[in-house]
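Welcome! Take a look at the structure first, and then read on.

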Amino acid sequence: MTNNYVGKRVKRTEDPRLIRGLAHYVDDISLPNTLHVAFVRSIYAHAKINSIDTSAALAAPGVVAVYTGKDVADKIGPVPCAGALPDLKVPDHRVLAKDKVYFVGHPIAAVVAKDRYAARDAVDLVMVDYEDLPVVTDVEAAAAGGPVIHDSFSDNIAYRLTSGEGDIDAAFAAADRTVKQRILHRRLAPIAMEPRGVLARYFPGEEELTIWSSTQIPHLMRTQVALMIGIPENKLRVITPEVGGGFGSKLNVYSEEALLGWISMQLGKPVKWIETRRENIQATIHGRGQVGDIEVAIKNDGTVLGLRYSVFADMGAYHQLLTPAIPTLTGLMLSGAYRIPAIQMNITACFTNKMATDAYRGAGRPEATYVVERAFDLVAAELGMDPAEVRRKNFPAASEFPFHTATGLDYDSGDYETALNKAQEIAGYAALREEQKKAREEGRLIGIGVSTYVEICALGPSQAMPAGGWESATVRIEPTGKVTVLTGASPHGQGQETSFAQIAADELGVKINDVTVIHGDTGVVQYGIGTFGSRATAVGGTAVFVAIQKLKEKAHKIATHMLQADATRVSFEGGKYSLQAAAAASATGTSEPVVPVAEAPAAALPEPQTEGKTSLTIQDIALAAHIAKELPPDTEPGLSATYFFEPKNFTFPFGTHICVVEVDRETGDIKFLRYVAVDDCGKVINPMLVDGQVHGGIVQSIGQAMFEEVVYDEQGQLVTGTLMDYAVPRASHVPNFELDRTETPSPVNPLGVKGVGEAGTIGATPAIVGAIVDALAPFGVKHLDMPIKPENVWRIINGH
Amino acid sequence: MKLEGSHELNAPRERVYQCLVSPEVLQRCIPGCERLEQTAENTFAATIRTGVGSIKGVFNGTARLEDLREPEHLRLVVDGKGAPGFLKGAGDLDLASTETGTKVTYAADVQVGGTIASVGQRMIQGTAKMMAAQFFTSLAAEAETAVGEPPPQHGFFRTALRWFSGWATKTLRKIFKPQKGT
Amino acid sequence: MKKAINLNVNGVSRTDEVEPRMLLVHYLRDILELTGTHVGCETSLCGACTVMLDGQAVKSCTVFAVQADGGNVTTIEGLAKNGELHPVQEGFWEKHGLQCGYCTPGMIVTAAQLLDRNADPSREEICHGLEGNLCRCTGYQHIIEAVQYAAKKAGQA
Amino acid sequence: MIPAQFDYKAPATLDEAVALLNSDLDGAKILAGGHSLIPAMKLRLAQPQLLVDIARIKSLAYIREEGDQILIGATTTHYQLESSDLLKQICPLLPECAKSIGDVQVRNKGTIGGSIAHSDPAGDWPAAVLALDADLVLVGPNGERTVKAENFFVDLLTTDLQPGEILREIRIKKPSGKFGHAYQKVPHPASGFAVVGVAVNLTLNDDRSCKSAGIGITGVGVKAYRAKAVETALAGTTLDDNAVGAAVTHVCDGIDPNADLYASSDYRCHLAQVHTRRAIQAAKARVQ
């Protein structure tokens, strides 16, 4: 393999269409005679629906149909939940509410009209008679009893689970001290810039349904929607055109996706629904939503003996696809980057009158990293140690990998100390501490936060996943030599069209412009899983890589045949199959370079010319494979290979983030002074894309740490219902990031890659919060819950 | 949302109390109340067209007087729905005699839902305060007007008068066709 | 109720009858099929819908098409001239100023306005100039670098 | 996202606009930049029947000097004010305030008149015109009248504008002598509206003691207001730290400060004090 592209900063091939406004997101696709759907949604958090009067809406100009829960109850199956936990309570989750509504934003009726304006107008004409019921929004209140949300259950507890290894009681018994802290993880709204959207078109004659949806998982959605609406899976095609961000929020199967498909089948016309931002905040999944107590058993020298985390996890009113699974991911990562002999996680997962929580960038792991890192800061404070030193003390050494944790995982590879050292070096850690000391003497409040994280990526082995953890790729070389890569890992901004093309171009020795990566169309691409859990490159990229090896095996066979040589004498280098020097001389007596046939302009397919040649490009071979006149016996024509890669383990990227802040004594304002991140995501395919992922993740962490919170009031009203109140970070909110990397290849896949999509949201919040808390240490503060707003800081400083 | 406050009125406690339980007076005092009809003892059906600035909405619902302890206490329970959302709440009003009249202390718990709850974070509290102030200003005027006198003119009437005067001026202008530049 | 409007969009003269309530962004997207301009919020905060109206960056979700009557509109589709990318477009490509690309058209149009008014902006001025545009993917650093790149490039031209 | 239906008229003159507005006092609304009204309409919180677009009346957008006054037409955009070289010279508070409004797109389209007439409790312009003791010229079916900014802001989103009246012009007495201006704002991280906004218009005597101070506060109460107690406390002092520190403690006198998820009443009041002090100090430092 020649490294022309892999590891290099290659500009993205998807960008030209995006920067010119020529790309197509769902709402950019227009089909003739499309009808538009708008939803009537509950304004109550919990209520009985006495009646729904749709007559005025149906009589309104342009309105074609109005569907309510009763119309679809026996037509469309429940919204799926892939959680497979013992004794999990799964409420019957219908696409439209039937008798009761359980959260603000719960869809009640779908209005179908000729245009989006008429549909919106008619929503106001649907009269719903509600009878409000007692509401439970607080997860602990829900656990303790409270009004029971689902009549089919006796309480609000979705499940309880205890996990972990090691003798936790012994660990605490042997401890010199323990530290404890209650920690809140507020609900967050993912806020992909493109809200969700669905376009569905049914052809009654062909009995074929196509659904365009802004989703991260076209194939899984196809399977689930086919089951929900009862159409054969092979008659349903799901297309994800350009997807404007997901962050986990589109790793789901939503009511609207099935309902739109079904409506199109009823009306025989294309139907479209584009989510408004208010709907997006109300009825697209939220992230986080845990209230937990962390407790750590330590020795006086800083050695951590055991860790216990008991958490109330807020499921919301229903399970979406992965809702119950998210807290279990928290449980997996409670060992952090440390050797902790005994770990116990106790989950109490509860229903509340709110939208479901589910995977939001990091999905359960940020919660784990955050509590572990906060706990290590508390340990440092308790023992008067430097937070970096407490961490260093508990790291497993690089030589100890694969490293088994008391959460039952085997970390693939790691060198945590090197990353920490590098980050400290870049930050000038010792000097920073000096500066901090001096500043404190001057009355200035500077804080330094350190986070040494590990994340679990490349989700994952199928054994550990609810619906398959592999990924697929087909690599095909067309007769003209163009390379087509079909990946099941359909991206939504990550840049797989470029990174996978880099892999393919290098492996095949072709120019990157000759490679086209196709994704997100179940009618074209073999079954795949999707892009989430920082898996695309490690699992999907590996599938591409291995498919190419398969393809090359065949190409090699053909090359050997065409060069009339012994297989062992033909080698592949720089995109060419060549006879080894000695053999070449004996075959032709010349070693002149060969003009690649595929590059010659030709109206008709040229005939492969092999006579007297010592080498053939892989593109020559592709042509020959399609013309099929010169193939070895028993060789299938064509040159393509498909591979479904099943990883044997997860990957475990890691790193160190150091954040420096200064707080304004008077106002509590928090200003970033420095932000240093050293991440190790294994081998890097495209450093520019990796930096972009890290930047974006850190900024989402800044949002979580300082601004973001989905707030429901006691009655379950969503009070942060628009971007007027839900604060997504802006350019002026973020510092300049100083990034660097260490590179510890993963042994789990042949590319050695680990994944980086969620590193920022996992590694950064503890560093930011740690820095703010550290700035306030002179006031005796040891912990503050996110989001830390200037007012919180001001109250601490002024003793309010 | 909790609302608390007190207002001093220059009228005897009994008079203030009578105003508070009189549907006619209440209709005139509740900002934007277009209709207040008794449907049962101490229960009324109401239509309120209200809002601030360009933000307006119509609410239909019920109001109920409870826990009547003349002349010192009553409880008002309201429940209204409209296009911008719903409004529900209960408020306790305590009346105490003072040297100059009556001090009304109120403590209410109001729940707002729908669009106004999800988009109005910044304004809801202010709107509630403003409406409470309008209510008590009108109530003071009512209570301070002797029984039998014509009722005072509150916001709605003021507004109507303004509209009328605007319309009248416009009509007069049309009739007299004033020259430009005057 | 419909009103006739005339406007010039990306150099092409357009005449249409629209409902007064039709937002400029819907006119551009649904009637003219210029779908590069996106809708990302409903409260005039995200800037995904930014276009130039008479040389000024505006949020086309907060302008009725009738208000733009007689005006000149430039959308993202009209920014490249004669097949040559605008320096800001080039900057975004060069510096990886986009990931999912959804905020990008609005971000680019706003950045173009920023450079029109200030050829050599500081980091702080760039951030201030992009205050009306949200991006959830990039963390802004590469966007800021893209604008700096464009400023430099335009300065050399 | 989609407003309810309405009719739209774009009159060529202000008289026509007044007539149109008065043709439907209940249903008609004035549209200028639309940046307060259109968002409310998209959420269907406002559903006017008729929009009277005054932004096309070219004669309503201007910034000019006339005698000892600065005249600003109601449909002058925030950006026109922000970028006015004239104002930077003679009344720098206005461009400074303009620069802090919303974002560049909002400033390109939004107008000073629209903002003042809407009287958002966290709008920026009200604070500035209060600090500058501006006169607001209103035109209605009965002709024109002039209202002091101080008397204009009545309550939450409520002004002295009567139904059928339009804000036509903002008149500001040209600052003279030793004056200094400053606008300080804490923007809400999501909306950009002022959590606290403080406009200071300071005039000094020859001995650099405080001759007068105009202080407008926004974001704190249900409406923007003049912090009169602060103004009074500052007058005659040398504006030393003690005097300013003592004066700003009165910034919330008589006000019941707003509370929201971002800032409670007492924190908001504290911020008002801090930023009033900082704005006074900045204004003082800018006095020639």
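## A threonine and its partner

A polar contact is a pair of N or O atoms within 3.5 Å; within protein, one must be able to donate a hydrogen and the other to accept it, and residues adjacent in sequence count only if both atoms are side-chain atoms. Please keep in mind that this is a predicted model.

With that in hand, look at Thr50(C), whose side chain makes a polar contact with the side chain of Gln105(D) at 3.0 Å. Thr50(C) belongs to strand β3 of chain C, which covers residues 50-53. Is Thr50(C) buried or exposed? Thr50(C) has a relative accessible area of 1%, so it counts as buried, the limit being under 20%. Setting aside its neighbours within four places in sequence, Thr50(C) is in contact with several residues, including Ala57(C), Val58(C), Gly106(C), Val109(C) and Gln105(D).

## Where chain C meets chain A

Here 50 residues of chain C are in contact with 57 residues of chain A. Between them, chain C and chain A bury about 4,600 Å², and carbon and sulfur atoms give 54% of that area. On the chain C side, the residues that lose the most area to chain A are Glu42(C), Trp93(C) and Arg136(C), which together make up 19% of what that side buries.

How many salt bridges are there between chain C and chain A? The count is seven. In one of them, the side chain of Arg278(A) meets that of Glu42(C), with 3.0 Å from N to O. The interface of chain C and chain A also holds 30 residue pairs in polar contact, both residues being at pLDDT 80 or more. Five helices of chain C, namely α1 (24-31), α2 (87-94), α3 (104-117), α4 (123-129) and α5 (141-156), each supply at least two residues of the side that touches chain A. The largest share, four residues, comes from α2(C). By class, this side of chain C divides into 21 nonpolar, 17 polar and 12 charged residues.

## Where chain A meets chain D

Now turn to the contact between chain A and chain D, which takes 26 residues from chain A and 23 residues from chain D. The two chains bury about 2,100 Å² between them, with 53% of it on carbon and sulfur atoms.

Six salt bridges are counted between chain A and chain D. One of them joins Asp664(A) to Arg278(D), with the closest N and O atoms 3.0 Å apart. On the side of chain A that touches chain D, the elements giving two or more residues are α4 (116-123) and α21 (790-797) of chain A. That side has 10 nonpolar, four polar and 12 charged residues.

## Details of the backbone

Two peptide bonds deserve a look. The bond from Phe401(A) to Pro402(A) is cis, with omega near 0°, and Pro402(A) sits in the loop between α12 (387-394) and β16 (403-404) of chain A. The bond from Glu70(B) to Pro71(B) is cis, with omega near 0°; Pro71(B) is in the loop between β4 (55-69) and β5 (73-82) of chain B.

Next come two alanines. Ala458(A) is not a glycine, yet has a positive phi of about 55°. Ala458(A) lies in the loop between β18 (445-454) and β19 (471-477) of chain A and is buried, at 2% relative accessibility. Ala628(A), not a glycine either, has a positive phi of about 60°. Ala628(A) is found in the loop between α18 (618-627) and β25 (640-645) of chain A and is partly exposed, at 34% relative accessibility.

Terms used
Residues numbered from 1 in each chain as written. Chains lettered and ligands numbered in written order. Predicted model: local features only at pLDDT ≥ 70, side-chain atom pairs only at ≥ 80, totals over all residues. Heavy atoms only, no water. Contact = heavy atoms within 4.5 Å. Buried area = accessible area lost by both parts, 1.4 Å probe. Salt bridge = Lys/Arg side-chain N within 4 Å of Asp/Glu carboxyl O. Nonpolar A, V, L, I, M, F, W, Y, C, P; charged D, E, K, R; others polar. Buried < 20%, exposed > 50% of the residue type's maximum accessible area, 1.4 Å probe, protein only.
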